[in-house]
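Below are some notes on the packing in this model. Please read them with the structure open.

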Amino acid sequence: TDGEQIYGVYYLKFGDDPDYAVIEDGAWPDHEPYAVIHRMGIRAENKGRGYAGIMFAAAAEKAKEKGVFELRIDTHEKNLSMQRAVTKFGFVRCGRVYIGGTAPRIAFAKRL
């Protein structure tokens with residue numbers, strides 16, 4: 001639309017995620033309902049400008065609106081910028097999960 005721009009996108013999934021059923025080298029903080037942030041991306045020219053935090057905050061608000069008070073997210077061990085972003089927003093490292101049963105990812109959670 002006129003004057004609007006997409007700065008980044010993410011997918012917020014509600015309900016149990018089968019990839020998160022098994023976690024190694026740690027544990028999830030609780031077994032309450034949760035939402036998962038998947039497929040987060042920010043346009044290259046907008047990286048480093050705080051948009052990840054804005055999207056995390058929007059996801060947290062949407063989760064709370066639905067009565068869900070835990071967010072989870074995972075990232076590749078080499079994705080240091082995402083690891084910094086989730087830690088800055090208050091996510092805590094919980095262990096390792098395997099996406100699709102084979103792709104290892106570092107798992108994080110944040111209580112809202």
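1. Contact here means heavy atoms within 4.5 Å. Leaving aside its neighbours within four places in sequence, F91 is in contact with I37, F56, L71, R72, I73, V86, F108, A109 and K110.

2. On the basis of the notes: this is a predicted model, in which local features need pLDDT of at least 70 and side-chain atom pairs count only at pLDDT 80 or more, while totals for chains, interfaces and linings use all residues. Residues are numbered from 1 along each chain as its sequence is written, and side-chain values use heavy atoms, with hydrogens and water left out.

3. A nonpolar core is a set of buried (under 20% relative accessible area, 1.4 Å probe, protein chains only) Ala, Val, Leu, Ile, Met, Phe, Trp, Tyr and Cys residues joined through side-chain atoms within 4.5 Å. The largest one has 19 residues, of which I37, F56, L71, I73 and F91 touch the most other members. At least two residues each come from β2, α1, β3, α2 and β5; α1 gives the largest share, six residues. Apart from this core lies another, of nine residues, including W28, Y34, C94 and V97.

4. Helices (H or I, at least four residues) and strands (E, at least two) are DSSP runs, numbered from the N terminus. In α2 (residues 80–88), M82, Q83, A85 and V86 are buried. They lie on the same side of α2 because they cover an arc of only 165° around the axis, taken from the directions from the helix axis to the C-beta atoms. R84 and K88, on the other side, are exposed (over 50%).

5. The buried residues of α2 pack against β2 (35–42), α1 (51–65), β3 (70–75) and β5 (103–111). Just after α2, G90 has a positive phi of about 105°.
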